[in-house]
Amino acid sequence: MNTTHMNAAHVTRAGRARTANTGPVPGPCEVPDFPPLRVRGGRLRPRLRRAPGALLLLTAAALALTAVARPVPATAPAAAARAPAPVPPPAPVRLVSAPVRIADAEAVRLLRAGDRVDVIAAPVANSPLGNGDSAVRVVARAARVAEVPRPGEARADGGALIVLSVPRATATALAGAGVTSQLAVTLC
């Protein structure tokens, strides 16, 4: 840039002209003259950029064609016969509501609808309906509590009635255990 050609304006790096009366401007500096740069091979550059992509596309197409045209080996049906058959998803278990009398009403007060409980049966010692089995057993595992008694509902014997959502077979076992045993719950 030659400073003799500049009048009252100064050209900034961004190419905008600033006049001398806009504020303090640094003094002009000398830039040496140099010949323009010429880059060789400019015509081949776009083609070289496309070459790897085109090569990758051709390779993928060739692999796809060879996979389709390849004959199936004779051992393939035997391998397919050894593969396990797909297992169908289990049928959804239908739940029923089972009313259960729990011997300890204070334990029932700890329960809320939606809790999961295990129901444990402890045989009554002198029950005329008992079958002589004195073992404590778990009758229902991870049963969902559907309803609990309202506050203030109490029985003279100290028990409380709750409603559980369980499969039909578990509801039958709970009903049978409720006749011969005292039932208790544990939170899961």
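The following legends describe close-up views of a predicted model.

**Figure 1. Confidence across the predicted model.** The mean pLDDT of the protein is 77, and 66% of the residues reach a score of at least 70. Over residues 1-8, pLDDT remains under 50. For this segment, the model has ten contacts beyond four places in sequence. Where pLDDT is low, predicted coordinates should not be read in detail.

**Figure 2. Strand β4 and its pairing with β5 and β7.** Strand β4 covers residues 116-123, and strand β5 covers residues 137-147. These two strands run antiparallel and are joined by five bridges. Strand β7, formed by residues 181-187, also pairs with β4 in the antiparallel sense, here over seven bridges. Residue I120 illustrates both pairings: V138 stands opposite I120 in β5, while A184 is the bridge partner of I120 in β7.

Figure 3. D118 lies in strand β4. This residue is buried yet has no salt bridge. Which side chain of opposite charge is nearest to D118? It is that of R141, at a distance of 4.6 Å. The side chain of D118 does, however, reach the backbone nitrogen of A142 at 2.8 Å. Beyond four places in sequence, D118 touches V138, A140, R141, A142, A184, V185, T186 and C188.

**Figure 4. The salt bridge between E106 and R109.** How many salt bridges does the structure hold? There is one. The side chains of E106 and R109 meet in a salt bridge, with a distance of 2.9 Å from N to O. E106 counts as partly exposed because its relative accessibility is 49%. R109, at 58% relative accessibility, counts as exposed.

**Figure 5. S165 in strand β6.** Strand β6 spans residues 160-167 and includes S165. Is S165 buried or exposed? With a relative accessible area of 11%, S165 is buried, since the limit for a buried residue is under 20%. When neighbours within four places in sequence are set aside, the residues in contact with S165 are L95, V96, A143, R144 and A146.

Definitions and conventions:
Residues numbered from 1 in each chain as written. Predicted model: local features only at pLDDT ≥ 70, side-chain atom pairs only at ≥ 80, totals over all residues. Heavy atoms only, no water. Pairing = 2+ DSSP bridges. Helix = DSSP H or I, 4+ residues; strand = E, 2+ residues; numbered from the N terminus. Buried < 20%, exposed > 50% of the residue type's maximum accessible area, 1.4 Å probe, protein only. Lys, Arg positive; Asp, Glu negative; His and termini not counted. Salt bridge = Lys/Arg side-chain N within 4 Å of Asp/Glu carboxyl O. Polar contact = N/O pair within 3.5 Å; in protein donor to acceptor, adjacent residues only side chain to side chain. Contact = heavy atoms within 4.5 Å. pLDDT = per-residue confidence, 0-100.
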